[in-house]
Amino acid sequence: MCPYIENIGMGPAVADSRGVLLNNSCFRTNQFLLEVIFHNKMKQYKCLTNDSSLASAIYVPYYAGLDISQYLWSSNILVRDATAFDLVGWLSGRPEWRLMSGRDHFLVAGRIAWDCRRQADDPSYWGSKLMFLPQSQNMTMLSVESSVWNNDFAIPYPTYFHPSKGAEVAQWQDRMRKQERKYLFAFAGALRPEFEFTIPGEIINQCLASYGKCKLLNCSSSTNNCDDPVNVMKVFRSSVFCLQPRGDSYTRQSTFDSILAGCIPVFFHSGTAYVQYVWHLPRDHTKYSVFIPLDEAKKVSIEPILQSIPENEVLAMREEVIRLIPRMVYADPRSKERNFDDAFDVAIKGVLERIGKVRKVIVSGGDPSIGFAEQNHQKFNFPSSAFAKKGVYYT
């Protein structure tokens, strides 16, 4: 991970974008470096105060993802949990903690929440138990993928684009509007033996059989194709739709790469985006995406479904995707000229609104613990506003 810490978490600059990316604004950003980028953006936040009694929220700059990534495959759960116990022990002893028992504190993890939610003290169970510690359940936890607990919230994976000012965003959006798209759909992924009879495997088979209408970017470890931002963006910007099945977990960084490229994402599970990024994505999923139910995707051909969508609807969806770009990117933390709200700003607004509601409950004499960190199996239910239209499954 060390090379990716360069440029305060954005990674090495893309030396030669080959005309695909904007020069000076694109980096080889690692998908798990969100917590470092977020911390460096927080250092420049315009509303910081040194007086915790005046603070609306308290940010905990602990790199939970980088910490646990060292020990995820360790059989010693005491080692996996050591820093988490140290952290919450220190935090809960601080005077600012006692004011709201930590319910005004929030933490950002650069990995998925499940990496920090081990459900048993058994070495065969995955991850650390950071987010299950009693003190942690009083905090709001942000990560690139949330879980079914109510104090978990997902915020976008970092993309390769870290603009310094709004003019760069507008320039990129204009370029994506004018971009020629010669492929109907695209998929960036690799066929692994365990995926042969799953959605990714079916997608790859359909893509290969599409007679050039689908562009497949092979992401197998032997090629390193998807480690190069230029390769990824070159494919996505040339495609109308980008297929986004769930990967090793519900979510994929590729979702945000496709939005950045103005490529309409196609989802197969509500947990990949709709119920995850509730602060950043529109509630009306019909505006920016296509949804093909998981069971249907195993039975039908994807190509005719996408071809059946009227051109005027495709253009409207693409415009909405391009409009979303500022909310999906993390601006360069070093910039002093930024004049737009990025993914960081949207996340901070969400945190402040959540903590503000907790304060109102306390003032009114209510119990702030009710619903704050409870397990909620309804959280990942498909939003009721999405339906199949005219027999075609898209939203």
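Biologist: What do the numbering and values rest on?
Modeller: Residues are numbered from 1 along each chain as its sequence is written, and side-chain values use heavy atoms, leaving out hydrogens and water. In this predicted model, local features need pLDDT of at least 70, side-chain atom pairs count only at pLDDT 80 or more, and totals for chains, interfaces and linings use all residues.

Biologist: What is the order of the strands in the open sheet of five strands?
Modeller: Helices (H or I, at least four residues) and strands (E, at least two) are DSSP runs, numbered from the N terminus. Two strands pair if DSSP finds at least two bridges between them. The pairing here is parallel, and the order is S6-S5-S7-S8-S9.

Biologist: Which strands stand at the edges?
Modeller: An edge strand here has a single partner strand, so one side is left without a neighbour in the sheet. That describes strand S6 (214–218) and strand S9 (290–291).

Biologist: In S6, which residue is the bridge partner of Ala 186?
Modeller: Strand S5 (residues 183–189) runs parallel to S6, joined by five bridges. The partner of Ala 186 in S6 is Lys 215.

Biologist: At what angle does helix H11 run to S8?
Modeller: Axes are lines fitted to C-alpha atoms, for helices over the stretch in contact (heavy atoms within 4.5 Å). Angles run from 0 to 180 degrees between N-to-C directions. Helix H11 (residues 311–328) lies across strand S7 (239–244), strand S8 (264–267) and S9, and its angle to S8 is about 100°.

Biologist: How are H5 and H11 oriented, roughly parallel or roughly antiparallel?
Modeller: The axes of helix H5 (residues 166–178) and H11 come within 10 Å and cross at roughly 160°. Angles under 35 degrees count as roughly parallel, over 145 as roughly antiparallel, 65 to 115 as roughly perpendicular and the rest as oblique. So H5 and H11 are roughly antiparallel.

Biologist: Which residues in H11 meet H5?
Modeller: On the H5 side are Val 169, Trp 172, Gln 173, Met 176 and Arg 177. In H11 they meet Glu 319, Ile 322, Arg 323, Ile 325 and Pro 326.

Biologist: Is Asn 24 buried or exposed?
Modeller: Asn 24 is found in the segment before H1. Its phi is positive, about 75°, although Asn 24 is not a glycine. Buried means under 20% relative accessible area, exposed over 50%, partly exposed in between (1.4 Å probe, protein chains only). At 71%, Asn 24 is exposed.

Biologist: What is the relative accessible area of Asn 7?
Modeller: Asn 7 lies before helix H1 (34–43) and has a positive phi of about 55°. Asn 7 is partly exposed, at 21%.
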